[in-house]
Amino acid sequence: MYITLETDYAVRITSLLCRSESRLDAKTISEQTCVTLRFSLKILRKLVSAGIVKSFKGTQGGYVIAMEPKDITLKMVIEAIEGTYCFSRCLQPDSECNRGASGRCPFQDAFADITAVVSEKLESHNFAELNSKYEVSDGK
């Protein structure tokens with residue numbers, strides 16, 4: 001089980017913007033994160049909608065991080081791209097059991113426990129902490 005490529009790229013983009021001391025245009029973000037420009041723009045729109053990134057229009061436009069890096073968690077970025085984290089779709093409020101069961105089953109309880117543990121771990125990692133461990137090995 002993996003996070004989506006889009007989410008992986010969103011983490012890269014967020015990390016870059018947290019480390020940047022100035023506005024970056026989409027082309028620079030794309031180049032420095034090795035994400036295509038078109039895909040970068042799609043991800044940036046989602047990060048802006050989530051309030052993680054702020055955008056500026058015009059010739060002096062670009063993108064900056066909208067929050068303190070210590071306040072941005074991995075969970076926030078993942079949920080900005082993929083929606084609320086849930087280990088199994090059977091935990092969604094509008095979901096019906098594909099086994100035809102009614103009420104909660106032992107699997108749903110286990111999946112809820114797993115969701116809680118993973119959510120807690122994702123919430124415990126913020127971009128200030130992660131970027132403090134960042135090593136520039138290839139200039140990106």
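Leaving aside residues up to four places away in sequence, which residues does Thr115 touch? Thr115 touches Tyr85, Cys86, Phe87 and Leu91. The model is predicted. Thr115 lies in helix H5. Its relative accessibility is 10%, so Thr115 counts as buried.

**Overall layout**

The protein has six helices and two strands. From the N terminus, the order of elements is α-α-α-β-β-α-α-α. The protein has 140 residues, and 32% of them are buried. Take the contacts between residues at least 6 apart in sequence: 63% of these join residues at least 24 apart.

**Aromatic pairs**

A pair of aromatic rings is described by two quantities, the distance of the centres and the angle of the planes. The structure holds two such pairs. In the pair of Tyr9 and Phe39, the ring centres are 5.5 Å apart and the planes stand at 80 degrees, so the geometry is edge-to-face.

Tyr9 is buried, because its relative accessible area of 14% falls under the 20% limit. Phe39, at 22%, counts as partly exposed.

Phe87 lies in the loop between helix H4 (74-82) and helix H5 (106-123), while Phe111 is in H5 itself, so the pair ties together parts 24 residues apart in sequence. Phe87 is partly exposed at 27% relative accessibility. Phe111 is also partly exposed, at 25%. Phe87 is also one of the residues that Thr115 touches.

| Aromatic pair | Centre distance | Plane angle | Geometry |
|---|---|---|---|
| Tyr9 and Phe39 | 5.5 Å | 80 degrees | edge-to-face |

Arg23 lies over the face of Phe56, at 3.5 Å from the ring centre.

**The nonpolar core**

In soluble globular proteins, nonpolar side chains tend to be buried together. Here the largest nonpolar core has 25 residues. Those with the most contacts inside it are Leu17, Ile29, Leu44, Leu47, Ile52 and Val53. Two or more residues come from each of H1, helix H2 (26-33), H3, strand S2 (62-65) and H4. H1 gives the most, with six residues.

What does Val53 touch, not counting residues up to four places away in sequence? Leu17, Leu44, Leu47 and Val48 are among its contacts. Tyr63, Val64, Ile65 and Ala66 complete the list.

**Helix packing**

H2 and H3 pack with their axes 9 Å apart, at an angle of about 110 degrees. That angle makes H2 roughly perpendicular to H3. On the H2 side, the contact is made by Ala26, Lys27, Ile29, Ser30 and Thr33. On the H3 side, Leu37, Ser40, Leu41 and Leu44 take part. Ile29 and Leu44 are also among the residues with the most contacts inside the core.

The loop between H2 and H3 holds Cys34. Cys34 has a positive phi of about 60 degrees, although it is not a glycine. Its relative accessible area is 43%, so Cys34 is partly exposed.

Are H4 and H5 roughly parallel or roughly perpendicular? The axes of H4 and H5 come within 6 Å and cross at roughly 115 degrees. That makes H4 roughly perpendicular to H5. Leu74, Lys75 and Ile78 in H4 meet Ser119, Leu122 and Glu123 in H5. H5 also carries Thr115, the buried residue of the opening question.

Technical notes:
Residues numbered from 1 in each chain as written. Predicted model: local features only at pLDDT ≥ 70, side-chain atom pairs only at ≥ 80, totals over all residues. Heavy atoms only, no water. Phe/Tyr/Trp six-rings, centres within 6.5 Å; stacked < 30°, edge-to-face > 60°. Buried < 20%, exposed > 50% of the residue type's maximum accessible area, 1.4 Å probe, protein only. Helix = DSSP H or I, 4+ residues; strand = E, 2+ residues; numbered from the N terminus. Lys NZ or Arg CZ within 6 Å of the ring centre and 35° of its normal. Core = buried A, V, L, I, M, F, W, Y, C linked by side-chain atoms within 4.5 Å. Contact = heavy atoms within 4.5 Å. Axes fitted to C-alpha atoms, helices over the stretch in contact; angles between N-to-C directions. Parallel < 35°, antiparallel > 145°, perpendicular 65-115°, else oblique.
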